[in-house]
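The following exercises concern a protein structure.

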Amino acid sequence: MNLLRAVKSNSLIATGAVTLAVLLLVALFAPFLAPHDPWHYYQAFLPPSIDHLLGTNDVGQDIFSELVFAGRVSLSVGFLAALIATFIGVSAGTLAGFRRGILDNILMGMTDVALVVPALPLIILISVYIGPGFFNIALVIGLILWPVMARVVRSRVLSLRESGYVESARALGAGNWWIMTRHVLPNALPIIAAKFVLTLASAMLIEASISFLGLGDPSAKSWGSMLHYAFSRGGFIREMWWWYLPPGLLIGLSIFGLNLINLGFEDKGDPRLKRMLER
Amino acid sequence: MKNLLCVTGLHVNFETSTGAVRANRGVNLTVEKQERLGVMGESGCGKTVLMLSLMRLQQPGVIAKGSIIFNGRDITGLSENQMRHIRGRGIALIPQNHSTALNPVYTVGQQLGETIGRRHGRTGLWQIIRTRQPGYGSPAYNEIKDLFNRMNFGDERFFKRLLDSYPHELSGGMRQRVLIGMALLLEPQLVIADEPTTALDRATRLEILELLGMLAGKTTLIVVSHEVDAIKSICNRVAVMYGGRVVEFGKTSAVLSSPKHPYTRLLLKSQQFKRGGSISITAGALDMVTFPSGCPFYPLCPQVMPVCSQVEPAEVATGEGVVACHLYHGGKECWK
């Protein structure tokens with residue numbers, strides 16, 4: 001109920017959430033919305049028509065149906081990767097910020113190393129090494145994105161661990177585990193949620209990049225892999241904009257929606273930003 | 001076992017880049033069972049550090065010397081895990097600042113319920129994840145209600161609304177009452193109230209302190225406060241602290257009506273509001289790193305003697321109490 005109220009009260013969050021919800025629903029009900037089987041071969045290189053709304057690709061697959069189904073892979077890889085990154089990042093950040101000491105040094109040293117190494121070349125390297133596949137890609141992206149989350153959570157936990165209610169909980173005999181899960185994490189939740197949305201956006205963008213480079217799962221259709229085929233099989237040269245433009249736009253639209261949600265969260269937390277936007 | 005708590009020669013230091021800040025320099029204190037002890041002293045005299053040390057929550061301060069015997073056991077050497085079992089059930093703390101001491105994301109009911117759960121030793125993963133407000137009529141609900149009944153919040157509707165409230169929806173006085181209730185729900189042997197009323201207005205202060213005295217029942221209580229009236233009505237003994245030491249300790253009636261230590265006299269005088277202004281003890285704060293030799297109070301003392309700047313006075317028994325001042329060495333006052 002609170003979430004619904006937050007969405008209603010903030011036009012940024014509302015716009016972003018509606019955009020994302022539409023994309024998610026389309027992906028969820030893809031079999032009902034797609035006019036054709038995206039794996040069926042029709043005549044190749046057809047221009048848009050009533051029967052094939054966005055024409056067909058180099059092997060004769062209906063592009064509109066491909067687009068509808070590709071959303072499933074793009075979104076689910078993004079979500080899975082963001083969940084992995086959030087889980088690792090929140091655990092590491094909370095532990096590091098709360099326990100301090102040697103554990104903090106080790107964990108934050110790891111994030112420093114991971115942050116210094118450029119992400120995309122590393123992902124390309126790892127995904128080539130462990131091979132393509134739905135879970136492999138999600139795992140690689142998740143493993144690349146967790147340090148940012150860990151940093152953000154740690155800095156929040158550092159301030160929360162000094163708060164009055166943590167001290168009073170300790171004075172009433174609460175242990176570390178109890179305080180971390182009951183009193184520190186719930187208060188860090190807003191910042192985790194905002195960061196999760198951003199992580200999701202990065203994950204989707206990275207997934208699209210990997211697939212565009214042809215390192216994605218070859219058996220699955222994603223917006224990035226559609227761009228890959230449009231690029232490598234002559235879509236760009238033949239100026240078949242109905243082939244390469246829609247997947248690019250959909251990637252852009254989902255990132256846009258996610259960033260709006262994140263902006264809305266930040267705007268709720270930081271009034272200065274709101275004034276800046278109104279100007 | 002008459003004494004519940006016995007502090008002897010407690011030294012607590014805070015290491016800083018300019019040297020160790022000596023917040024407590026040999027505190028001696030005894031608290032008998034079912035006693036109400038008041039602790040007075042100016043800001044920076046080491047009261048709060050002492051109170052936190054009693055719960056071993058003085059970090060980053062280090063207990064350098066001395067012992068804290070609670071229930072016949074020296075707790076200065078206990079592990080963090082052993083201390084966890086003493087905190088709450090053995091010694092409970094009522095925090096100073098009511099506005100930060102409650103978690104903003106839980107209702108009052110959830111936090112009181114959490115406290116009761118802790119008493120029943122429910123610290124499993126499931127209880128940690130599931131924060132539940134005690135349901136209407138449940139044992140926990142009734143227990144909280146009994147307590148708040150004694151605080152004169154008998155109205156059922158009001159009480160239910162209180163449980164459903166988030167901390168920011170309550171007034172300061174109400175929050176402080178919740179915090180007192182929270183500490184008492186654990187049925188601790190010793191309750192430490194560290195200036196429980198500093199963030200409240202004067203009218204509410206006295207009310208809260210008297211409520212505390214009443215609710216504590218047979219629980220042993222240590223109250224840090226500057227409200228002389230409240231201390232007079234609640235406490236049976238008073239300790240006055242200055243410069244990290246207890247300078248005077250004795251029966252409330254004796255200390256407040258005929259103070260022995262010159263500092264206590266000034267402190268009490270400074271609290272009397274008179275036409276023409278009250279007396280203030282000025283000279284800036286003590287340098288807690290490089291303590292002057294001798295009595296820490298001698299630069300300000302109206303009855304200073306040559307010996308005061310040389311030798312730190314030992315504690316002398318004077319009838320009902322103890323006082324650390326050269327005036328009483330030899331058991332008699334040697335000033336005119």
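**Exercise 1.** Is R182(A) buried or exposed?

*Solution.* The model is a predicted one.
Step 1. The relative accessible area of R182(A) is 3%.
Step 2. A residue counts as buried when this value is under 20%, so R182(A) is buried.

**Exercise 2.** Identify the residue with which R182(A) forms a salt bridge, and describe where the two partners lie.

*Solution.* 
Step 1. The partner of R182(A) is E114(B), and the closest N and O atoms of the two are 3.1 Å apart.
Step 2. Between chain B and chain A, the count is one salt bridge.

**Exercise 3.** Describe the interface between chain B and chain A by its area, its residues and its polar contacts.

*Solution.* 
Step 1. The size of an interface is often given as the accessible area lost when the parts come together. Between chain B and chain A, about 1900 Å² is buried, and carbon and sulfur atoms give 61% of this area.
Step 2. Chain B contributes 31 residues to the contact, and chain A contributes 17 residues.
Step 3. Nine residue pairs are in polar contact across the interface of chain B and chain A.
Step 4. On the side of chain B that touches chain A, at least two residues come from each of α2 (80-86), β6 (91-94), α3 (108-119), α4 (125-129) and α7 (172-185) of chain B. The largest share, four residues, is supplied by α3(B).
Step 5. Sorted by class, this side of chain B holds 17 nonpolar, eight polar and six charged residues.

**Exercise 4.** Which parts of chain B does the salt bridge between R237(B) and E35(B) tie together?

*Solution.* 
Step 1. The side chains of R237(B) and E35(B) meet at 2.2 Å, N to O.
Step 2. R237(B) belongs to strand β9 (residues 237-242) of chain B, whereas E35(B) belongs to the loop between β2 (19-32) and β3 (36-40) of chain B; the pair therefore ties together parts that are 202 residues apart in sequence.
Step 3. R237(B) and E35(B) are both buried.

**Exercise 5.** Locate the partners of the salt bridge between E156(B) and K145(B), and classify E156(B) by its accessibility.

*Solution.* 
Step 1. The closest N and O atoms of E156(B) and K145(B) are 2.9 Å apart.
Step 2. E156(B) lies in helix α6 (residues 156-164) of chain B and K145(B) in helix α5 (residues 139-150) of chain B, 11 residues apart.
Step 3. The relative accessibility of E156(B) is 25%, so this residue counts as partly exposed.

Notes
Residues numbered from 1 in each chain as written. Chains lettered and ligands numbered in written order. Predicted model: local features only at pLDDT ≥ 70, side-chain atom pairs only at ≥ 80, totals over all residues. Heavy atoms only, no water. Contact = heavy atoms within 4.5 Å. Buried area = accessible area lost by both parts, 1.4 Å probe. Salt bridge = Lys/Arg side-chain N within 4 Å of Asp/Glu carboxyl O. Polar contact = N/O pair within 3.5 Å; in protein donor to acceptor, adjacent residues only side chain to side chain. Nonpolar A, V, L, I, M, F, W, Y, C, P; charged D, E, K, R; others polar. Buried < 20%, exposed > 50% of the residue type's maximum accessible area, 1.4 Å probe, protein only.
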